[in-house]
Structure formats: C-alpha cells, structure tokens
Amino acid sequence: MITIENTHLRLTIAEEGAEMKSLVELATQREILWQGDEEFWNGTAPILFPNTGRYWQGCFRHQGKQFEQSLHGFVRHRLWTTSRQEADMAVLIYESTADDLSVYPFPFRLQVTYTLKEREVLVDFKVENLGEEEMLFQIGGHPGFNVRTYEDDLDNYGMVRIEGKAKHILRAGEGGCMEADHYEIPVMEDGFIPVTVETFANEALIFEEHDVDFVSLFDSKHRPIVAVKCPSPATLIWVPQGQKAPFVCVEPWWGLPDSIGFNGELSERRYMQSARKGMPWKGGFSFVVF
C-alpha cells in the first residue's frame with residue numbers, strides 16, 4: 001500500500017489496480033471512501049480501462065477481429081508500479097503486456113497521479129500509445145463514498161445534487177447495455193435526488209453529453225459529504241440495484257457501455273477516446289471533502 005497525506009487528509013492506494021482504498025479526514029478520523037463488502041460491492045474506487053461498462057455480448061470488433069472483454073476492463077486487476085511519491089502526491093504506472101494484447105490489441109502505458117490539495121483529491125490520467133496504430137479506449141473513475149446516515153430508519157438515507165444542464169438520464173438494460181430511451185431525472189421539488197432503493201431500481205443514473213459539472217453528495221440530514229467535479233462526457237451515479245447500500249458511487253466516465261444489440265466496430269462506440277503515438281491523452285477528475 002502507498003500512503004500520502006497533508007494536514008487534512010490521508011489517502012491510501014493499493015498497487016493492485018492503483019485503486020484508492022481509504023481516505024481519512026484526519027481531524028475526525030472519518031473514513032470517506034466505501035471500504036468494500038461482498039454483500040453490496042467489494043470495490044472502493046477502481047480505475048476503469050480500456051472500457052467503461054460492458055460490451056454487447058461481452059466482445060468488441062476491431063479491423064475484422066473479435067475480442068472478448070469483461071466489465072470495466074482489466075487494469076483494475078493488474079499490479080501497477082509506483083514511479084514517484086512525495087508527501088502529498090503519488091504517481092503509478094501500468095504498461096500493457098503480451099497477455100493484455102490478446103484481449104485488447106493496442107500496446108499502451110497508463111499513468112494515474114493522485115494529489116492532495118487542502119481538502120481536495122485530484123485524480124489525473126495519462127494514456128500513452130506505445131504502438132503505431134491510433135489507439136481507441138475508454139477510461140473512467142468509480143469512487144464509492146460512505147453515507148453517514150444510512151443506518152437511519154428512513155427510506156431516503158442520502159441526497160444528491162446535480163449542477164450542470166442535464167435534462168434527462170439514460171439507463172442500462174439487457175446485458176448491462178444502454179437502452180435507447182431517455183428518462184426523467186428523479187429530482188424532488190427542492191432540487192435534490194433522493195438516495196432510495198426506488199431511485200436506483202434500474203441501478204445507475206446515467207448522464208451524457210457533458211451535461212454534469214458537479215455532483216454533490218449529502219446525508220439524510222443535508223450535511224454535505226463530497227462534491228465531485230466531472231469534466232467527462234458521461235457521469236454515472238450508482239447504488240447496487242434493490243439494496244439499501246451504505247454508499248453512493250459518483251463516476252466520471254470518458255465512455256459509455258454498448259447500446260443493446262450493438263454490433264458495430266470499436267470506433268463506432270459512443271464517447272470513444274483516442275491517442276496517437278507521441279501524443280498522450282490526458283484527463284481526470286477531482287472531489288472535495290466536506
């Protein structure tokens with residue numbers, strides 16, 4: 001494990017997946033990140049690459065060849081290398097292997113930099129193409145945040161507020177892939193989205209078209225927990241379907257799952273990103289702890 005900290009926060013990162021595993025507010029010893037539990041979800045904050053979500057029937061096509069790929073890609077299960085560490089910053093790198101090329105035909109180097117700045121956590125990605133062909137990929141974050149009042153005997157045990165120009169949400173349906181229809185945002189009159197089993201009956205609330213700037217998470221007493229800055233084309237808010245789970249995930253995605261029945265080429269998927277040799281792709285997100 002790698003640990004960085006400043007006067008406000010201590011962040012612990014695992015070499016497996018370069019995943020944030022713990023974020024402690026030092027003044028109170030409050031744990032901000034969900035700690036993983038098989039009853040609900042055993043992750044904490046995985047990095048999703050080279051795909052966000054699922055491919056239709058578990059595979060994609062590129063230049064006449066078909067490749068099988070699992071949910072959210074494979075780098076979350078790989079061992080990363082720490083290339084640099086300071087008191088409040090750490091850089092981790094993963095470089096593709098021959099085995100990776102059998103499921104994803106682009107050699108690459110992926111870098112994530114975690115930086116603590118006052119009460120903010122900055123997550124910066126860098127994708128380098130190590131091959132000659134233009135590299136196609138998706139990438140995203142998947143941090144889960146503890147909701148302090150989920151034990152309360154309330155249907156609504158938390159609240160979410162969206163800032164941006166969102167007018168609708170999308171849903172995943174068959175095979176975890178995208179439905180074609182748009183749906184109303186389940187927002188209350190006070191502007192909050194309630195965190196209830198009913199709200200997440202179809203799992204994630206999926207926003208598209210760069211329509212979300214910030215997602216703020218509150219507990220049932222309207223106390224703010226975190227605000228996530230989402231510069232990504234898609235943003236997901238996720239709670240496990242049909243469960244009153246003690247956390248909420250806010251997920252900035254540079255990509256979306258396949259549409260139901262999609263059988264096109266990899267390049268035709270929505271929000272595909274690309275990198276050319278010598279021209280790295282850079283992106284990232286951040287969140288502030290309250």
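Here's a quick briefing on the fold of this chain and on one arginine in it. The model is predicted, so local features need pLDDT of at least 70 and side-chain atom pairs count only at pLDDT 80 or more, while totals for chains, interfaces and linings use all residues. Residues are numbered from 1 along each chain as its sequence is written, and side-chain values use heavy atoms, leaving out hydrogens and water.

**Overall fold**
- You're looking at 23 strands and 1 helix in the protein chain (DSSP runs: H or I of at least four residues for helices, E of at least two for strands).
- The radius of gyration is 19 Å, close to the 19 Å from the globule rule for 290 residues, so the chain is as compact as a globular protein of that length (taken over C-alpha atoms; the rule is 2.2 Å times the number of residues to the power 0.38).
- Its C-alpha atoms fill a box of roughly 55 × 45 × 35 Å along the principal axes.

**Packing**
- Of the 290 residues, 54% count as buried (under 20% relative accessible area, 1.4 Å probe, protein chains only).
- Among contacts with a separation of 6 or more, 65% come from residues 24 or more positions apart (contact means heavy atoms within 4.5 Å).

**Arginine 269**
- Arginine 269 sits in the loop between strand S21 (247-254) and strand S22 (273-275).
- Arginine 269 is buried, at 6% relative accessible area.
- Its side chain makes a polar contact with the side chain of aspartate 258 at 2.3 Å (a pair of N or O atoms within 3.5 Å, where within protein one must be able to donate a hydrogen and the other to accept it, and residues adjacent in sequence count only if both atoms are side-chain atoms).
- Leaving aside neighbours within four places in sequence, arginine 269 has contacts including Thr52, Arg54, Tyr55 and Gln138.

Methods
Buried < 20%, exposed > 50% of the residue type's maximum accessible area, 1.4 Å probe, protein only.
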